[in-house]
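Student: I have this structure open and would like to go through it with you. Can we take it piece by piece?

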Amino acid sequence: MKVETLQQFCWAGDVDNHLKMQKPWSVGEFTFATNGHLLIKVPRLADVAEIVNPIDIANGWPKSEPSAWLDIPTCEAPAPVVCQKCNGKKAGQGACPECGGDGEVEFSNIYNTYTVDCATCDGEGEELECSTCDGTGTVEVIEGVAVGCSGFSKKYLALLATLPNCQIGPVDQCGPAWFRFDGGEGAICPVRPGVY
Ligand SMILES: [Zn+2]
Ligand SMILES: [Zn+2]
């Protein structure tokens, strides 16, 4: 197992969030990674350090043994679709609508004229990133597929399928399932019924 492989299980969204999920970390004999949906545990990697106050993963594991060990169904992550909120406009493609790109706005009254940083764009002059798609212009589609007594995201199943001889062990419909592979184990959260 290489650290690059584990990195795929880390948080890959907005870099201002989930700081401790952005890289793998080690505790004792093991190295872990998580993105909040997946948790993976492998024998400790020499190049992954321990961190102060690591994420408490005790609640991330299934509460009981798997009902069965099943092969990962073949699936592909669904293609992203155009963001409805911004209509696919990428960040930095337009001038701020309030200040017209100046980054400042002027106010006047009978005494004075005031120049202030534009609050809409934080003084940047560019239209801020769309909060729905983080300025990428597209959003992920969550599609699930039933596996045993539960259902899981196709995107994450496709990732698990890249691990050697990976199998999934659902426990119940609502809780996380186990997965195991040559060289480690982990847990995966289900998707809601209706998504699969
Ligand atoms: Zn502005
Ligand atoms: Zn958007």
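Student: Which domains is the protein chain divided into?
Tutor: Domain 1 covers 3-71 + 159-188 and domain 2 covers 92-138; such bounds come from an automatic or database domain assignment. This is a predicted model, in which local features need pLDDT of at least 70, side-chain atom pairs count only at pLDDT 80 or more, and totals for chains, interfaces and linings use all residues. Residues are numbered from 1 along each chain as its sequence is written, while chains are lettered from A and ligands numbered from 1 in the order in which they are written.

Student: How far apart are the C-alpha centres of domain 1 and domain 2?
Tutor: They lie 41 Å apart.

Student: And what does the secondary structure come to?
Tutor: Two helices and 13 strands. Helices (H or I, at least four residues) and strands (E, at least two) are DSSP runs, numbered from the N terminus.

Student: Why is the chain called more spread out than a compact globule?
Tutor: Its radius of gyration is 22 Å, well over the 16 Å that the globule rule gives for 196 residues, so the chain is more spread out than a compact globule. The radius is taken over C-alpha atoms, and the rule is 2.2 Å times the number of residues to the power 0.38. Along the principal axes, the C-alpha atoms fill a box of roughly 75 × 40 × 25 Å.

Student: How much of the chain is buried?
Tutor: Buried residues are 23% of the 196. A residue is buried if 20 or more other C-beta atoms lie within 10 Å of its own, exposed if 12 or fewer, and partly exposed in between, with C-beta atoms placed from the backbone.

Student: New topic. Is Asn-112 buried or exposed?
Tutor: Exposed, because Asn-112 has 7 C-beta neighbours inside 10 Å. Asn-112 sits in the loop between strand S6 (104-108) and strand S7 (113-117).

Student: How far is Asn-112 from Asp-134?
Tutor: Their C-alpha atoms are separated by 38 Å, and the two residues are 22 apart along the chain.

Student: Now S12. Which strands does S12 pair with?
Tutor: Strand S11 (residues 167-169) is joined to S12 by three bridges, antiparallel. S12 also pairs with strand S13 (residues 184-188), antiparallel over five bridges. Two strands pair if DSSP finds at least two bridges between them.

Student: Which residues stand opposite each other?
Tutor: Ile-168 is opposite Phe-179 in S12, and Trp-178 is opposite Ala-187 in S13.

Student: Which residues of S12 are on the covered face?
Tutor: Ala-177, Phe-179 and Phe-181, whereas Trp-178 and Arg-180 are on the uncovered one.
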